Protein chains: 2
Amino acid sequence: MSVRFYNAQILTMESDSIITGELWTNGDSISYIGPAQVHSDIEFDREIDCKGNLLMPGLKNAHTHSAMTFSRSLADNYCLDDWLHKAIFPREAKLTPEHVYWFSKLAYAEYLAGGVTACFDMYFHKDRNAEAAVETGFRHVFCGAANDYGGMEELEDYYVRLNSFDPLISFVYGFHAEYTTCEDNLKFISDLAHKYKAPVYAHISETKNEVLGCIERYGISPVKLFDKMGIYDFGGGGFHCVWFDDEDMEIYKNRGLYAVFNGCSNLKLASGIAKVYKFIDKGINIAIGTDGAGSNNALNMFREMFLASTLSNLEVDGGAFVSPYEILKAATVGGAHAMGLDSCDILAPGKKADICMIDMQHPTMNPVNNTISNIVYSGHPGIVKLTMVAGKILYEDGKYLTIDLDEVLSESNKLLKEIL
Amino acid sequence: MSVRFYNAQILTMESDSIITGELWTNGDSISYIGPAQVHSDIEFDREIDCKGNLLMPGLKNAHTHSAMTFSRSLADNYCLDDWLHKAIFPREAKLTPEHVYWFSKLAYAEYLAGGVTACFDMYFHKDRNAEAAVETGFRHVFCGAANDYGGMEELEDYYVRLNSFDPLISFVYGFHAEYTTCEDNLKFISDLAHKYKAPVYAHISETKNEVLGCIERYGISPVKLFDKMGIYDFGGGGFHCVWFDDEDMEIYKNRGLYAVFNGCSNLKLASGIAKVYKFIDKGINIAIGTDGAGSNNALNMFREMFLASTLSNLEVDGGAFVSPYEILKAATVGGAHAMGLDSCDILAPGKKADICMIDMQHPTMNPVNNTISNIVYSGHPGIVKLTMVAGKILYEDGKYLTIDLDEVLSESNKLLKEIL
């Protein structure tokens, strides 16, 4: 498939400047970005008049549990601890691969409608989930979801197998969190990281209690523990990163680790505020994710960007005021790098064609004082006109090209009854 | 005009229950809500198959400055004080009635795309603004915008004139804030309130500095000052309400005043967090608004509802956890009552047909564990299929019926250059 987008504004995210011109794709990649030029020798499968709308890298949802759409609005008004133990774990015990397949497809529909082209997903029943992703054409990076209740033995098998399953699928080592993973299992993870020289991710310092518990058990914070145990020797990072102290940040900075922020979930579960401004000031790698629909409850990266930009203002007298460009970079380039998707970070020839088109005619994108600020502070999924992954248009003007939405809604609402 | 909506889910907001059936309109009002019934004697102008989508009262944006769309993304990363004096006031000085006309139309387009059917708007050049509202068919409640720099003399004239201008237009007494209004002018407002037995609104306790300044000037908080001066003798309320103490809340409670929350603006301008949970606990009347696009930067009531629900969780150890139904009520019924629109609060026969239709097929509205939670925690303007004001459909499936969007975008982007 080859597509010519013309009359476009293009925000490549290589810098904050917006160019006017064309973007061409060939197969799964971008073949040209630049001014309109003669192309009579090329036969495109489609030529799309962008009418001044904006092409930008697809948003990267750098921390989610896609199949948790089953738990959207199922268990509101809990703190993390109660939410997990009273509402979520008992239901998750009933989930089958079939549930994960359909509830992930529901998540993909929501991602695509919101300009998201890839997710970094920690969950189980991964094989059936991978089938859902490939059928959809969605780029899915699995993160290991092991903890003391299961998943340790399969980590290596997944790593080997899923990393050669399909170009859309990859697997990164990960585990749930320190508080659900004993020292022996942490050691086991560290050994895997060393064997494969691989990065590792986990939920980290999401709540104050988590950090206090870790200090009680080991005398140090989760970040320092993982660092000391060699888990971070080949990179990786953590999700949430709310209760980091300055030393934790130094470790992230020095090791080039990725801090992935999840502001909506942290608000909803009363976990606290990540000091996004400090991570940016220190030059730490950052990315943004929605967390699962059970604790957000949306999979809306625009709302995440707004909160990543503004929540920090509560932490500093007089406001922290981070740059909206840094936030948009975190939600695109930063996420891609965190997930190991270096070829999906910016728009440039040779990079994967993972693109979303923003409706510049939407009132909330006008007037045009600053397009990047408009996206970060005013954007919502309703401004997304088209989403393309690996050169394939998956969503356009409210329609799904690879997902039968009626079927997904009917199956997921039917299957829901089995796990309530 | 008469419309028959059938195959609908209907959330009347008289309670939290959702009924299945039909809603009919006749002229500007609702004529029937209930099960499908024989209606062969009635000729409707339109019959709309809702296909299971949800009808609910239109959202009421209970605090905004519509024409400030000109300042969207124009002055990010300021605290309120600097933002007003360095970025906003100098530009506002250049605004003409023509600017206000077009930038308000831009705001109406955004409101309608986001399910908003009425706004409570504090701004100037009201006559031309009223024309824009009537042409659009949008319900616009003006709030007096007087302060020491102007507007005091016109208040009474506006009150008399705009309240009989058109059924879509009304005017409520208001002034900017204590810190821009001297004691004589406050007295003048109080006298007007008494003369007309009318409610009064103002920005109140938005920042800590505002409250401290008032205490320095008068020895008491703005709420106590207004109360003492008789400004609240016939009701009204305030916008923002971030730095209320318990006594301020008691005054609001005892007088039945309305606290209007603006979480996004308060985050973006680093003003703080309103203790929404406390207002709800105490049974104080509450409503929700976006504030202007210069400090939000969207006019997105869904994002406001999410923040009104969740920001409080940061204020209470272990989470405050307010009910999503209370939040949705604030954004519909509460807003209507604050604005004096008692006939636009709930869906019921005889009430005005101010309605929005929510797309229940949007992935973010599924699965259906709890529709109200889905709206409050996951909703965004992209889930709005149709918006009707006073029985007239103004927005449907992305199209505007009374606004020429191309013209509004082109005029507002052109006029912008005159005020930069």
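Let's start with the nonpolar core. The largest one has 278 residues, where a nonpolar core is a set of buried Ala, Val, Leu, Ile, Met, Phe, Trp, Tyr and Cys residues joined through C-beta atoms within 7 Å. By buried I mean that 20 or more other C-beta atoms lie within 10 Å of a residue's own; exposed is 12 or fewer, partly exposed is in between, and the C-beta atoms are placed from the backbone. The residues with the most contacts inside this core are Leu55(A) and Leu55(B). Among the residues that Leu55(B) touches are Phe5(B), Ile10(B), Leu347(B) and Met357(B), leaving aside residues up to four places away in sequence. Touching, or being in contact, means that the C-beta atoms, placed from the backbone, lie within 7 Å. In soluble globular proteins, nonpolar side chains tend to be buried together.

A quick word on the model. It is a predicted one, so local features need pLDDT of at least 70 and side-chain atom pairs count only at pLDDT 80 or more, while totals for chains, interfaces and linings use all residues. Residues are numbered from 1 along each chain as its sequence is written, and chains are lettered from A and ligands numbered from 1 in the order in which they are written.

Now, how do the two chains meet? A rotation of 180° with 0.0 Å of shift along its axis superposes chain A on chain B, with an RMSD of 0.0 Å. The two copies are thus related as by a two-fold rotation axis. In chain A, the C-alpha nearest that axis belongs to Gly382(A), 2.0 Å away from it. The superposition is by least squares on the C-alpha atoms of residues with pLDDT of at least 70 in both copies.

At the interface, 49 residues of chain A are in contact with 49 residues of chain B. On the chain A side, α14(A) gives the largest share, five residues. By class, that side divides into 23 nonpolar, 21 polar and five charged residues. Here Ala, Val, Leu, Ile, Met, Phe, Trp, Tyr, Cys and Pro count as nonpolar, Asp, Glu, Lys and Arg as charged, and the others, Gly among them, as polar. And 100% of the interface residues of chain A are also interface residues in chain B, so the copies meet through the same surface.

Let's go inside chain A. Between them, 14 residues of domain 1 are in contact with 20 residues of domain 2.

On to the strands, which are DSSP runs (E, at least two residues; helices are H or I, at least four), numbered from the N terminus. In strand β1 (residues 2-11) we find Val3(A). Is Val3(A) buried or exposed? Val3(A) is buried, with 22 other C-beta atoms within 10 Å. Including Thr25(A) and Phe44(A), its contacts also take in Ile48(A).

Next comes β6(A), residues 59-64: six of its six residues are buried, so this strand is largely enclosed by the rest of the structure. Four bridges join β6(A) to β7(A), residues 116-122, and the two run parallel; strands pair if DSSP finds at least two bridges between them. Across that pair, Thr64(A) stands opposite Asp121(A).

Last, β12(A) (residues 258-261) and β13(A) pair in the parallel sense over four bridges, with Val260(A) opposite Ala287(A). From β13(A), Asn285(A) and Ala287(A) point one way and Ile286(A) and Ile288(A) the other, and all are buried.

Conventions: Contact = placed C-beta atoms within 7 Å.
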